[in-house]
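Me: I would like to go through a structure with you. Could you begin with how the surface is computed?

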Amino acid sequence: TILNTRKEKISTYLNRKDNNINEKQKLLQSQDMKIIKALAGNDKKIRDRALKNLKEWFLTRSSQIPFTHDDFIRIWKGLFTSMWMSDKPLIQEECAENISHLIHHVDSDSALMFFKCGLTVMSLEWFGIDQWRLDKFLMLIRRMLRQCFEFLKIKKWSLKLIVEFNKIITETVIRTDNFKFLGLTMHVTEIFLEE
């Protein structure tokens, strides 16, 4: 209820014509940070609620000011932590599924940038994932790739989007100049054709 009241206040504020862009950006970024903190929390109920609210927030936010690369990186760090905190196989699977479906809630112009930021955060954090958490992140990568393919399918395999997708894959997980996340690269090459 508090979050809904806050969303109404934010929506009313953003729709006013006399506010400048910088004020709107600050307000939107503060709301992003609140959701990110909730995603990284210890309590599963709060994380689940934040993930659900993130879907609605994507629609609200993108109608006001488009997401930037840095915005998505911050959000993905919260999503990474949410996955990190998920214990037990069924909870991990649900979390991976919910996170991967977020690509369908972002506006279509930003969907592949959202996917790219997800792969970027995974690449950056890959070295710090221990052996006990590795399986759930491998599952998350698989689900992300699957939902990206679903997105491309919905867009009727647009040549422009496929070219952008290929560029994203080669710039993030299949880079030849960096071997810090070789396990991630091997996993993506293994599951690519399966998905």
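Reply: Accessible areas come from the Shrake-Rupley method with a 1.4 Å probe, and for residues only the protein chains shown count as cover. On that basis the accessible surface of the protein comes to about 11000 Å², of which 56% belongs to carbon and sulfur atoms.

Me: What should I know about the model itself?
Reply: This is a predicted model, in which local features need pLDDT of at least 70 and side-chain atom pairs count only at pLDDT 80 or more, while totals for chains, interfaces and linings use all residues. Residues are numbered from 1 along each chain as its sequence is written, and side-chain values use heavy atoms, with hydrogens and water left out.

Me: Where is confidence lowest, and where is it highest?
Reply: The pLDDT is the predictor's confidence in each residue, from 0 to 100. Its mean for the protein is 85, and 88% of the residues reach 70 or more. Helix α1 (residues 2-15) has the lowest confidence, at a mean of 52, and α7 the highest, at 96.

Me: How many helices and strands are there?
Reply: There are nine helices and zero strands. Both are DSSP runs numbered from the N terminus: helices are H or I with at least four residues, strands are E with at least two.

Me: What fraction of the residues is buried?
Reply: Of the 195 residues, 43% count as buried. Buried means under 20% relative accessible area, exposed over 50%, and partly exposed in between (1.4 Å probe, protein chains only).

Me: Which residues touch the most others in the largest nonpolar core?
Reply: Leu54, Phe58, Trp76, Leu79, Phe114 and Phe115 touch the most other members of that core, which has 54 residues. A nonpolar core is a set of buried Ala, Val, Leu, Ile, Met, Phe, Trp, Tyr and Cys residues joined through side-chain atoms within 4.5 Å.

Me: Which helix gives the largest share of this core?
Reply: The largest share, ten residues, comes from α7.

Me: What does Leu54 touch?
Reply: Leaving aside residues up to four places away in sequence, Leu54 touches Ile35, Leu39, Ile75, Leu79 and Leu102. Contact means heavy atoms within 4.5 Å.

Me: And Ile75, is that buried or exposed?
Reply: Ile75 counts as buried, at 1% relative accessibility, and its place is in helix α4.

Me: Changing topic, how many aromatic pairs does the structure hold?
Reply: It holds 13 aromatic pairs. Rings of Phe, Tyr and Trp (its six-membered ring) pair if their centres lie within 6.5 Å; planes under 30 degrees apart count as stacked, over 60 as edge-to-face and the rest as tilted. Phe72 and Phe114 are edge-to-face, because their ring centres are 5.3 Å apart and their planes are at 75°.

Me: Which helices do Phe72 and Phe114 lie in?
Reply: Phe72 lies in helix α4 (residues 69-85) and Phe114 in helix α6 (residues 111-125), so the pair ties together parts that are 42 residues apart in sequence. Phe72 is buried at a relative accessible area of 0%, and Phe114 is buried at 2%.

Me: What about Trp84 and Phe137?
Reply: Trp84 and Phe137 form a tilted pair, 6.2 Å centre to centre with 50° between the planes. Trp84 lies in helix α4 and Phe137 in helix α7 (residues 134-154), so parts 53 residues apart in sequence are tied together. Trp84 is partly exposed, at 23%, whereas Phe137 is buried, at 0%.
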